[in-house]
Amino acid sequence: MTQWRMLTCCGIITCLVSSSSLEDRASLESPVRFDTPLRFETTVQRPVEAEGIGLHHGVNVKIRILPAPPMTGIVFLRTDLDRFPIAASWRHVARVSYATSLMRQGVLISTTEHLLSVFYSMGIDNAYVEIDNLEVPILDGSGDPFVSLIQQAGIRVYRRRKRYLHIRREVTVEAQGKRISILPSDTFALSCHVYFDHPLVGHQRMDMEVTPEAYAREIAPARTFGFAWELEAMRDMGLIRGATLESAVLFDREGVQNPEGLRFRDEPCRHKALDLIGDLALIGKPLLGHVIAERAGHAMHTALVARIMSDPSLYELVTYDQIGARAVSSMAASASAGAPAAMAV
Ligand SMILES: [Zn+2]
């Protein structure tokens, strides 16, 4: 089992480094720097695979995650259709009701958000995902199984410098009492608010800076969920054909029907954060910004992504070293102006 540990650089960004990748990093840089996976593009070290059922289509599906070269991004390959490629990009968003689906030239990949959320949060920039059907398997309904796969695969670091998408000014999308905004920040941070009229849910909120360790601990285990009184309508829409109590939390009027109960008191809010990150991953570059989501769903998440990506004045592409250098010069400027050091960061 790979050992994982938390590392910090200048208090700017934090990261997990797999100890199994030490050899790779040593071959890249001398002396080895602990922040190498933040500075350079990554992929998985070795192939890993999983098998399960699609949540909505109910089909059996196998996926295999493979290393991919720098600048590839995450690309799905439909092995049942001559390895037809569909990049995990906002340009290919097809459907956004209850799950995010990608489509290119009529070929679909459904329910991409959980797997993409894990790639994004665990710092994997490039990978091929071979898939032999039209929907990513739901597994236990959370990101945990995919986190385990990435840990099993290990991380390989390339020589190409990673480019971050740094938000320059606020962007907001809102409609019908739902709202999502992104603010400039030198970290990737989330604030999620949800409200469901249920005695176990109600109003829930979480705020966090997304690092691989915090994600694996606080967000990845949160499962997808539904309400018993909505099942019939969803089935009538051709959805949730693969849902079971092993792959989703089911709320009834009083509580949850899953015998093991909830994994967190605020599991729905944490799962919404997981979904949100999976949709932000369609940007295709690691994000530096503070996202504030209030009752937003897939449609609003992907609308925010499209809004950002269609206006290049809203962002700049920067390297990790550029962000670090700016932080250092800002600290120096504050110090020379006589500001207390604690306020300079
Ligand atoms: Zn989800």
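In the predicted model, the axes of helix 3 (residues 113-121) and helix 4 (residues 144-153) cross at roughly 45 degrees and come within 9 Å; axes are lines fitted to C-alpha atoms, for helices over the stretch in contact, and angles run from 0 to 180 degrees between N-to-C directions. Helix 3 is therefore oblique to helix 4, given that angles under 35 degrees count as roughly parallel, over 145 as roughly antiparallel, 65 to 115 as roughly perpendicular and the rest as oblique. The crossing of these two helices is right-handed, the near helix being turned clockwise from the far one by less than a right angle. Helix 3 contributes His114, Leu115 and Val118 to the contact, and helix 4 contributes Phe146, Val147 and Ile150, where contact requires C-beta atoms, placed from the backbone, to lie within 7 Å. Five of these residues are nonpolar, one is polar and none is charged (nonpolar: Ala, Val, Leu, Ile, Met, Phe, Trp, Tyr, Cys and Pro; charged: Asp, Glu, Lys and Arg; polar: the others, Gly among them).

Helix 7 (residues 267-280) and helix 8 (residues 298-309) also pack together, at an angle of about 35 degrees and with their axes 9 Å apart. This crossing of helix 7 and helix 8 is right-handed. Asp275, Leu276, Asp279 and Leu280 of helix 7 meet His298, His301, Thr302 and Val305 of helix 8. The contact of helix 7 with helix 8 comprises three nonpolar, three polar and two charged residues.

The chain contains nine helices and 21 strands, defined as DSSP runs numbered from the N terminus (helices H or I, at least four residues; strands E, at least two). Of its 345 residues, 41% count as buried (20 or more other C-beta atoms within 10 Å of the residue's own; exposed, 12 or fewer; partly exposed in between; C-beta atoms are placed from the backbone). In helix 5 (residues 212-219), the buried residues are Pro212, Tyr215, Ala216 and Ile219. Viewed down the axis of helix 5, the buried residues fall within an arc of 120 degrees and so line one face, the arc being that of the directions from the helix axis to the C-beta atoms.

Gln105, in the loop between strand 9 (101-104) and strand 10 (107-109), has a positive phi near 45 degrees. Gln105 counts as exposed, with 7 C-beta neighbours inside 10 Å. Ile240 likewise has a phi near 45 degrees, but is buried, with 22 other C-beta atoms within 10 Å.

Residues are numbered from 1 along each chain as its sequence is written. In this predicted model, local features need pLDDT of at least 70 and side-chain atom pairs count only at pLDDT 80 or more, whereas totals for chains, interfaces and linings use all residues.

Definitions and conventions:
Contact = placed C-beta atoms within 7 Å.
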